[in-house]
Amino acid sequence: MYCVDLLSKLAFCWVCYTLTGVPTTTSNRVMSPSLKLNADRYSSIPILEPKYFDQRVDHFTGQDQRTFKQKYFVYDAYLRGSADSPVLFYCGPESSVLSSYTATNMSMAWYAQALGALVVSAEHRYFGESLPFGNKSFTPENIQYLAIEQTLADYAAIMAFIKTSGVPGVTAHSKVVSFGGSYGGHISMLMRLHHSDIVTGSIASAAATCTFGDVPDSIWYDLVSAAYEETTIRTGNDVVVCGDEVVYAFSRAWSCIHNESCRASLQEKFNLCSRVDSIGAGYLFMFYARTAFSIAAQFNYPLAWPPTRVSYPLKHVCQFMSADERLFLAMSLTYNATGAAKCFPYNPGHHETQHAAVMLYQHVHVAASPVGIQDQPFSYICCRDFPQPIGGQGIFSVPSPVNFTAVSG
């Protein structure tokens, strides 16, 4: 937590300096109370009405004047209205739903309170409600306009509109800092690079900035493994390494999928919606389980936020329990955090070869989408602009199925 707090302070100082040109101290006096986590403030979350911007379908063909309605939110609770007030802009990612929460209760809102800034949050084209051609948006003819270049131009157009729309204190001279995480962080970074006339600075959290050209074999699951290897479990007077328990759980599962009778028991044992009736389907079950452990490590938040809806999910997975219970709990937190699902929506379908694993890595497998990813458009983006080689083996007994350097050429 010390590292997280330190990084938050450094980011806050950078934002202040970018917007005001005045260096800011990192003392707790400056950070408190506006930027400190406070669970009580989440009991009353303001709900904003969405706005809709008439966005161009194609920014790069002058004669194409078609438009669509792009969803966005504006949060002005902390806007002081002084001349040239700053704007904090959230770059909507690959989410199936853009809620007003992205404007009211994420880090931008904390910064806005300290800076007297306006917060704007925009939905990515082809996601959620922002469909250029409605239910025909994903036809071969229409999906061509789903491109990162078009998305950057979308956000630049919305920001230009906001700066000249008459919001009190926001002017054409107001400085803008873009925000985003993961793919959204990648977009935020590109906004600063390609639209520096509008964006003064960028916060790109966990942004995948190096998946271009000759993509190296990923070590993602090696890094995920380190989180479990650094976590211990106390059982009476004994202390065991959580990573060792995860190794044991996955080695048992790996042996099971290669045994026909054991494989047949997996659906009932783990409450799966579909049978694991082949080794190929067993591979996908292993990937399904491994993703759950990745989510617990990646979203190990101190507050009970989505996608797991528990605080410190990694600690939950690293409690003292049996190997099967550990796998089941990790999958429950990832794929059924609300408890509403009657079974885990694992569905191998006809993908029963190692090629299916490539499809799974590229987000086109339509089983569960634990973090709100809208699979169809994001699969297209990953193929066209944004390769995501989520590989490595680590402690999970699931070998990487492909050489990503070879398939990225």
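This is a predicted model: local features need pLDDT of at least 70, side-chain atom pairs count only at pLDDT 80 or more; totals for chains, interfaces and linings use all residues.
The side chain of Gln150 reaches the backbone nitrogen of His59 at 3.0 Å, a polar contact in the sense of a pair of N or O atoms within 3.5 Å, where within protein one must be able to donate a hydrogen and the other to accept it, and residues adjacent in sequence count only if both atoms are side-chain atoms. Residues are numbered from 1 along each chain as its sequence is written, and side-chain values use heavy atoms, with hydrogens and water left out.

Let me stay with Gln150. Not counting residues up to four places away in sequence, Gln150 touches Val57, Asp58, His59, Phe60, Arg125 and Tyr145, contact being heavy atoms within 4.5 Å. Gln150 counts as buried because its relative accessibility is 6%; buried means under 20% relative accessible area, exposed over 50%, and partly exposed in between, with a 1.4 Å probe and protein chains only.

Gln150 is found in helix H5. Helices here are DSSP runs of H or I of at least four residues, and strands are runs of E of at least two, numbered from the N terminus. H5 comprises residues 148-163 and spans 23 Å from its first C-alpha to its last, close to the 22 Å expected; that expectation is 1.5 Å times one less than the number of residues. Twelve of the 16 residues of H5 are buried, so the helix is largely enclosed by the rest of the structure. Among them are Ile148, Leu152, Tyr155 and Met159.

I turn now to the aromatic residues. The structure holds 21 aromatic pairs, counted for rings of Phe, Tyr and Trp (its six-membered ring) with centres within 6.5 Å; planes under 30 degrees apart are stacked, over 60 edge-to-face, and the rest tilted. Phe250 and Phe293 have ring centres 5.3 Å apart and planes at 70°, so this pair is edge-to-face. It links distant parts of the chain, with Phe250 in helix H8 and Phe293 in helix H11, 43 residues apart. Both Phe250 and Phe293 are buried.

Arg290 lies over the face of Tyr221, at 3.9 Å from the ring centre. The criterion is NZ of Lys or CZ of Arg within 6 Å of the ring centre and within 35 degrees of the ring normal.
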